[in-house]
Amino acid sequence: MTTGTPPPTAPKRSRARTFVPLAIAAWAVLEIWLLTVVADAAGGFTVLLLLAAGIVLGAAVMKRAGRRAFRNLTETLQQMPGQPGAAAAPPAAGSGGRGNGFLMLGGLLLMIPGIISDVAGLLLLVPPVRSWLGRFAERSLERRMRAASPGSLSDAFQQARIHRPDGKIVQGEVIREDGTQPGARSDEGTRPPLTP
């Protein structure tokens with residue numbers, strides 16, 4: 001006997017779910033191999049000093065970027081219209097707050113033990129590299145937003161509800177013939193108030 005519903009199929013595994021764990025594993029093996037090569041060439045104490053310096057420098061960079069982001073947030077909130085001492089017109093967006101995310105990422109990469117992550121973290125400390133990556137990320141995000149289908153987030157949830165595989169959701173509207181509002185309780189007049 002057939003029910004008319006197609007048999008459930010296993011969802012396809014995305015490429016990211018397949019390749020990201022493999023890339024992380026390859027990166028970790030490469031980092032360990034490079035650390036052993038440097039330890040053979042320069043000595044284990046040198047590698048230990050490099051790793052400690054990376055942790056200290058990364059923590060300092062993250063602390064500085066966090067303070068700058070907090071200062072920018074505080075200034076933005078103080079300059080909002082309606083706040084005491086705020087200008088009548090909203091200020092133009094400056095470039096002082098740009099790049100904090102990449103600066104924090106650079107600090108995090110410096111704190112992760114390894115030669116490749118330290119080099120990538122040091123590259124993110126260079127302002128032209130951060131500005132180029134910021135422009136690239138903005139263009140990529142704009143391109144994805146233009147390619148996205150129109151609709152709001154609630155439309156996406158509604159579409160997910162409509163197309164369930166069991167087909168048991170029926171859209172409709174409740175209309176009461178007695179004139180009461182939907183959700184109104186009939187015993188509201190008979191209950192005593194909660195506060196004395």
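A crossing of two helices is called left-handed if the near helix is turned anticlockwise from the far one by less than a right angle, and right-handed if clockwise.

Ground rules first. I'm looking at a predicted model, where local features need pLDDT of at least 70, side-chain atom pairs count only at pLDDT 80 or more, and totals for chains, interfaces and linings use all residues. Residues are numbered from 1 along each chain as its sequence is written, and side-chain values use heavy atoms, with hydrogens and water left out.

**Overall fold.** I looked up the secondary structure and got six helices and zero strands. Helices here are DSSP runs of H or I of at least four residues, strands are E runs of at least two, and numbering starts from the N terminus. Buried residues come to 12% of the 196 in the protein (buried is under 20% relative accessible area, exposed over 50%, partly exposed in between, with a 1.4 Å probe and protein chains only).

**H2 against H3.** I checked H2 (residues 44–78) against H3 (residues 100–111), and their axes come within 7 Å and cross at roughly 160°. So H2 runs roughly antiparallel to H3. Axes are lines fitted to C-alpha atoms, for helices over the stretch in contact, with angles from 0 to 180 degrees between N-to-C directions; under 35 degrees counts as roughly parallel, over 145 as roughly antiparallel, 65 to 115 as roughly perpendicular and the rest as oblique. The H2–H3 crossing is left-handed.

**Two H2 residues.** Alanine 60 sits in H2 and is partly exposed, at 44% relative accessibility. Its C-alpha is 9.9 Å from that of methionine 111, 51 residues apart along the chain.
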